[in-house]
Amino acid sequence: MSIVVTGATGHLGRLVVEGLLDAGIPASEVAAVVRDKDKAAGLAERGVELRIADYNEPATLHGAFAAGDRVLLISGSEVGRRVPQHRAVTEAAREAGVALLAYTGILGGPDADFELAAEHKETERLILESGLPYTFLRNGWYHENYTENLAPVLAHGAVVGSAGEGRVASAARADYAAAAVAVLTGQGHEGRAYELSGDVAWSLPEYAAEVARLSGKEISYADVSPEEHVAVLTGAGVPEPLAVILVDVDAAIGRGRLAGTSGDLARLTGRPTTPLADAVSAALRG
């Protein structure tokens, strides 16, 4: 029996694996499901078992899990392809008889009413229908969704969005990873759905002010129409279908859909969530 992390070479997956090891789980009891063995060489060097599989090739997933495994299904990154990918993982987990399937979905679960949530809602339905013991980790927005794109903000002196005064209760990627570790290593999480978000919700104007304060530069918030926002994103190289989805998220922020502060994330990790200012400072330091 192992604790298995899918997508283990991604940003979140790698943090979860490292968190498991830091929590004292022996490397021999941790397995990483990865597509590229070379990218996971660092994990293998630490004694983590590599299981080579691809969400897009269901046959490769049949050997990815074993009876009794506790599995974290990290949602795929290919918007529009995630339902068949997640179905393949869920079916492989069911056939193997895993002890738990935890899934990283999106804040709000079935009540989320924006386009990006659709695949997550369908995945939760698939997992429920599988009959597997499950835990839904409904992740809110990451600080890094903003702080990893500071270069154009600093270059143009503006945060551009279409969320108005809507608020975002974001947290650091490491906070969400720590919550996953707590579920994978703890007890009593079966059949639970956690609404995970930061302790403090903030608006994009407040974010712009924080970047200005910490960078010493003049930074303002430019609230534009959805159409203008799509044009800005596509002009920066974002494919139009993804740009439309991201602008739809801003509309959801404007409706308060990512502002919830349930406290679940801090309770699972046993500590306050990372302040936005800390994430901005870290990004400015490079």
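Analyst: Helices and strands are DSSP runs, a helix having at least four residues and a strand at least two, and they are numbered from the N terminus. The model discussed here is predicted.

User: In which helix is leucine 246 found?
Analyst: The helix in question spans residues 240-254, and leucine 246 falls in that run. The element is helix H10.

User: Is leucine 246 buried, partly exposed or exposed?
Analyst: Buried requires under 20% relative accessible area and exposed over 50%. Leucine 246 has a relative accessible area of 30%, so the residue is partly exposed.

User: How much accessible area does the nonpolar surface patch of Val79, Leu242 and Leu246 have together?
Analyst: Leu246 belongs to a nonpolar patch on the surface, with Val79 and Leu242 as the other members. Their accessible area together is about 190 Å².

User: Where is valine 168 found, and is the residue buried or exposed?
Analyst: Valine 168 is found in strand S8, residues 167-168. Its relative accessibility is 0%, and therefore valine 168 counts as buried.

User: Which residues does valine 168 touch, not counting those up to four places away in sequence?
Analyst: Valine 168 and serine 203 are 35 residues apart in sequence, yet 6.2 Å apart in space, C-alpha to C-alpha. With residues up to four places away in sequence left out, valine 168 touches Trp141, Tyr146, Val200, Ala201, Trp202, Ile253 and Leu258.

User: Which side chain of opposite charge is nearest to glutamate 144, and why is there no salt bridge?
Analyst: Glutamate 144 is in helix H5, residues 144-147, and is buried. A salt bridge needs a side-chain nitrogen within 4 Å of a carboxyl oxygen. The nearest side chain of opposite charge is 4.3 Å away, so glutamate 144 has no salt bridge under that cut-off. That side chain belongs to arginine 173.

User: Which backbone atom does the side chain of glutamate 144 reach at 3.0 Å?
Analyst: Glutamate 144 touches Ala171, Ala172 and Arg173, not counting residues up to four places away in sequence. At 3.0 Å, its side chain reaches the backbone nitrogen of arginine 173.

User: How many salt bridges does a search of the whole structure find?
Analyst: The search covers the whole structure. Among the salt bridges is that of arginine 51 with aspartate 69. The total found is 16.

User: What is the N to O distance between arginine 51 and aspartate 69, and are these residues buried or exposed?
Analyst: Arginine 51 counts as buried because its relative accessibility is 10%. Aspartate 69, at 1%, likewise counts as buried. The two side chains meet in a salt bridge with an N to O distance of 2.9 Å.

User: How many residues apart in sequence are arginine 138 and glutamate 195, whose side chains meet in a salt bridge?
Analyst: Their side chains meet at 2.9 Å, N to O. Arginine 138 lies in strand S6 (residues 134-139) and glutamate 195 in strand S9 (residues 192-196), so the pair ties together parts of the sequence that are 57 residues apart.

User: Which residue forms a salt bridge with arginine 257?
Analyst: Arginine 257 is partly exposed at 38% relative accessibility. The closest N and O atoms of the salt bridge are 3.3 Å apart. The partner of arginine 257 is aspartate 113.

Key:
Residues are numbered from 1 along each chain as its sequence is written. This is a predicted model: local features need pLDDT of at least 70, side-chain atom pairs count only at pLDDT 80 or more; totals for chains, interfaces and linings use all residues. Side-chain values use heavy atoms; hydrogens and water are left out. Buried means under 20% relative accessible area, exposed over 50%, partly exposed in between (1.4 Å probe, protein chains only). Lys and Arg count as positive and Asp and Glu as negative; His and the chain ends are not counted. A polar contact is a pair of N or O atoms within 3.5 Å; within protein, one must be able to donate a hydrogen and the other to accept it, and residues adjacent in sequence count only if both atoms are side-chain atoms. Contact means heavy atoms within 4.5 Å. Patches are made of residues with over 30% relative accessible area and no salt bridge: like charges are joined within 9 Å, nonpolar side chains (Val, Leu, Ile, Met, Phe, Trp, Tyr) within 5 Å. Accessible areas come from the Shrake-Rupley method with a 1.4 Å probe; for residues, only the protein chains shown count as cover.
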